[in-house]
Amino acid sequence: MRINPISAKTNHYQSNVLLKTKKEVPDEVKSNEINLNHLNSTYNQTQINFRGATEVSRALVKQIPLEDKLASIFQNFKLGDMILIGKNLHECAKKMYENAGLIKNAIKRGFFIPDENLGGCLGFIKNSMGDTEVINLNDFEVPLITDNKTYPLKAKESFYVVRDDILSVNGNLLKIKEEPKSDLSMFRKNFTRAFDFESEANKNIEKINKKTISQLMQKKHKSSTPVTFAQVGGLHELKDSLKKDIIYPIRYPDAYEGMELNHGFILYGPPGTGKTHIARALANEAGANFISLNGLDLESKWVGESEANWRNLFDEAKEKQPTIIFLDEFDAVARTRDSKDVYGDKVVNQLLTLMTDIDNANDDVFVIAATNNFKALDSAVVRSGRFGKHYEVTPPDKEGLREIFKINTQNRKLDENINIDDMLDKLVNIKATGADVRHIVNEAHNNGFVRAGIFEKMENSTYSVMDIKNFKITQEDFDKALMDFLKDKKDTSRKPIGFIRPQAS
Ligand code: ADP
């Protein structure tokens, strides 16, 4: 065992004592008990026992501020990791277990930092977008102070944190830092307890995989919802390209004899711009089977046995061709290798191999990957040629918005005095997406019902068909919807886990 002196030069927590070091995850804590489902019981059985920590080192560890201990773990924090902070491991683990629904991926490593003074429990995880999320495990609100503004993090709510954010737990402030004042990596074992759940997590993932793939196989033969290109506003160039890339080759195979087709596409752009919507419409127009998968699900459930699962999925797609596979939130699967996520790598390689097979066999299987974060994609995927065509999907211009507005209001009665042009100008200014338009129209409709007392009548059971016959959505209803939307947009510019934009019904 090496003995490492701490010098004032390398460490700001002044001491002249010697500390023993050990490798980071001690063998004695390698449990094969757990993935998250077993979190409670595993932590429950574990006694906090800082082996090798002498009186002196304990005294030293006490001097290290909690924010630096936390920052030290953040330095090597990755997807599948979780940190708990609090007075009592068992209590914090129990609370984390109760809030397990907030975590979308399997937990493979856990860290516990005991702290007497925080006055509550906090959990931290890394999400698949690469953000660090804090989970308020307490029964009380924990204000999150960011840029001099305060976000009230409610009990059992999660939120992402960035450098210099401050969490106020019972009045005790915890600052988020990316690195500690000095390198603490040698001393981590003295202030944190590490747990390795990887082998058990992988076993569980394997089980879930088998279930998921069999469920998927049953579901995907249902025809896609009948959305057509006529219900996609704007995006004319994209529609035109997709016709030539996918629809015509499927419809007129003779014409494409001997021609090399592109089978992989990436649609990228902000959420709500219609990437999923157009992919659904495309499958419908092409008369193809539509398999829609979310990268987050894939990432969390398919790791481990993913190679076999991807093969099964593609075999099935080939068997039922023509098929369009839509991979939403693709960055969760194919994120950059710089994050050194070996699981991601395995998935990416397998996916690229299967894409090559499709290319070689010239199957009528087309894979459309969508992402809000093109830059996060693994360059191996982007440059491989397997996902050869990249289309940017931007928020619509005024004419695009007009079309989307029309599509979303075609079955509603609008007052003829509504100044649609003025409203479209406002929507262009705020870079509103198709999803935003849909949301605003729905809200305006609701506002109209409130204004006309229709909800009230429904409540009193005095509502009659005549009420709706004379009903029209007015300018006032749209103004209010737009105002509320702008206010909402401000409030949710930082989004907690599970934040979901309005989706197609
Ligand atoms: P994305 O996949 O880009 O996040 P979605 O396709 O899920 O966005 O959009 C959400 C909803 O917004 C769609 O179901 C649709 O109702 C509406 N929408 C978005 N873009 C358009 C558009 N260009 N035309 C018509 N509706 C749209």
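**Notebook: cores, ligand site and selected residues**

I began with the largest nonpolar core, which has 26 residues; those with the most contacts inside it are Trp 310, Phe 314, Ile 325, Leu 327, Phe 330, Leu 351 and Phe 387. A nonpolar core is here a set of buried Ala, Val, Leu, Ile, Met, Phe, Trp, Tyr and Cys residues joined through side-chain atoms within 4.5 Å. Buried means under 20% relative accessible area, exposed over 50%, and partly exposed in between (1.4 Å probe, protein chains only).

I then looked up which elements supply at least two residues each to this core: strand S14 (289–294), helix H10 (306–319), strand S15 (323–328), helix H11 (342–361), strand S16 (365–371) and helix H12 (379–383). Helices (H or I, at least four residues) and strands (E, at least two) are DSSP runs, numbered from the N terminus. H11 gives the most to this core, with seven residues. I noted another core of 25 residues lying apart from it, including Ala 281, Phe 290, Ile 324 and Ala 370.

**Basis of the model**

The model is predicted: local features need pLDDT of at least 70, side-chain atom pairs count only at pLDDT 80 or more, and totals for chains, interfaces and linings use all residues. Residues are numbered from 1 along each chain as its sequence is written, and side-chain values use heavy atoms, with hydrogens and water left out.

**Ligand site**

I listed the 17 residues around the ligand; Gly 233, Gly 272, Lys 275, Thr 276 and His 277 come nearest. A residue is near a molecule or strand if one of its heavy atoms lies within 4 Å of it. By class, this shell has six nonpolar, nine polar and two charged residues. Ala, Val, Leu, Ile, Met, Phe, Trp, Tyr, Cys and Pro count as nonpolar, Asp, Glu, Lys and Arg as charged, and the others, Gly among them, as polar.

The protein covers 94% of the 550 Å² of accessible area that the ligand has on its own (Shrake-Rupley method, 1.4 Å probe; for residues, only the protein chains shown count as cover).

Helix H8 (275–286) and helix H15 (434–451) each supply at least two residues of the shell. Domain 2 (231–392) and domain 3 (398–491) both give residues to the shell, so the ligand lies between them; the bounds come from an automatic or database domain assignment.

**Single residues**

I placed Ala 279 in helix H8, where Ala 279 is buried at 1% relative accessible area. The C-alpha atoms of Ala 279 and Lys 239 are separated by 9.8 Å, at 40 residues apart along the chain.

Asn 349 is in helix H11 and counts as partly exposed, at 38% relative accessibility.

Asp 165 lies in the loop between strand S9 (158–161) and strand S10 (166–169) and is buried at 2% relative accessible area. The Asp 165 side chain reaches the backbone nitrogen of Val 162 at 3.0 Å. Such a polar contact is a pair of N or O atoms within 3.5 Å; within protein, one must be able to donate a hydrogen and the other to accept it, and residues adjacent in sequence count only if both atoms are side-chain atoms.

**Backbone geometry**

I noted a cis peptide bond joining Gln 321 and Pro 322, with omega about 5°. Pro 322 is in the loop between H10 and S15.
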